[in-house]
Amino acid sequence: MTLSTTSSPITVLLVDDHPVVRAGYRRLFESTTDIRVVAEAEDGETGYALYRECKPDVVVLDLNMAGTGGLETLRRIRARDPDARILVFSMYSNETMIQRALQMGATGYLTKQGSPGQMIEAVRQVRRGRLYVDPELVSGMVADMTLHDIPADPLSVLSKREFQLFRLLAEGNSVVQIATLLSISPKTVGVHHTNIMRKLKLENAAQLVRLAILCNVIQV
């Protein structure tokens with residue numbers, strides 16, 4: 001475990017059990033002018049403790065770790081702070097794992113085959129509260145949704161307000177953030193969210209994001 005201080009507007013907590021990986025990405029982030037690593041952890045338990053202590057802007061989180069794994073760490077951090085910005089950085093590229101991470105509150109998902117430039121862009125986007133998923137992963141997810149799976153204009157069933165919330169949800173905004181943006185109560189946002197999922201016959205956040213991408217509501 002290492003700690004440092006920084007005045008950078010984007011503070012990052014690295015949680016990965018490989019020291020070489022952490023060192024590499026620390027150097028990458030510190031080569032920029034706007035990203036600094038303030039803490040590192042080699043396991044989920046330490047990562048959760050450091051999140052509470054440091055309150056970083058973004059957590060870069062590996063999934064495959066001994067002890068408290070990445071998904072459980074993700075769940076614990078989000079339970080403590082529903083607005084936590086977490087970028088999953090994993091060797092897993094299958095759709096099931098991506099969906100699970102997004103369902104549990106991840107704001108972004110990259111594989112370890114991604115480029116350094118993608119990682120920097122992902123951290124910046126996640127810091128803004130915008131969803132960032134590896135474009136190659138998105139292509140594979142969207143390819144599974146053929147024209148036979150959805151009607152020609154699936155979003156036509158949404159009201160103007162519901163469409164507005166659909167877009168904000170797809171961009172990765174939390175219920176509290178949307179309530180603040182639209183000057184409505186979180187309870188009202190929750191009601192609209194339920195209606196959107198019912199009307200579009202969606203089961204989870206990953207499906208909502210896939211539909212938004214397919215309908216060109218958001219770009220990745």
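Okay, a bit of housekeeping. It's a predicted model, where local features need pLDDT of at least 70 and side-chain atom pairs count only at pLDDT 80 or more, while totals for chains, interfaces and linings use all residues. Residues are numbered from 1 along each chain as its sequence is written, and side-chain values use heavy atoms, with hydrogens and water left out.

Let's start inside. On a 1 Å grid over the protein atoms alone, a cavity is a set of points where a 1.4 Å probe fits but cannot get out, and a pocket is an open set with protein on both sides within 12 Å along at least five of seven lines; lining residues have an atom within 4 Å of a point. Volume is the space filled by probe spheres set on the points, which are joined across faces, edges and corners.

Helix α1 gives the largest share, 3 residues. Helices here are DSSP runs (H or I, at least four residues), as are strands (E, at least two), numbered from the N terminus. By class, we get 7 nonpolar, no polar and 3 charged residues in that lining. Nonpolar means Ala, Val, Leu, Ile, Met, Phe, Trp, Tyr, Cys and Pro; charged means Asp, Glu, Lys and Arg; the others, Gly among them, are polar.

Now the largest pocket, at about 540 Å³. There are 26 lining residues, and Arg78, Leu102, Gly172, Asn173 and Ala205 lie nearest its centre. Helices α4, α7, α8, α9 and α10 each supply at least two of the lining residues.

Two of those helices also meet each other. The axes of α7 and α9 (lines fitted to C-alpha atoms over the stretch in contact, with angles from 0 to 180 degrees between N-to-C directions) come within 10 Å and cross at roughly 90°. Therefore α7 and α9 are roughly perpendicular, a label for 65 to 115 degrees. In contact (heavy atoms within 4.5 Å) are, among others, Phe166 of α7 and Ile196 of α9.

Last stop: aromatic pairs, meaning Phe, Tyr or Trp rings (for Trp, the six-membered one) with centres within 6.5 Å. The whole structure has 2. One joins tyrosine 25 and phenylalanine 29, 6.2 Å centre to centre with 50° between the planes, so it's tilted, neither stacked (under 30 degrees) nor edge-to-face (over 60).

Technical notes: Parallel < 35°, antiparallel > 145°, perpendicular 65-115°, else oblique.
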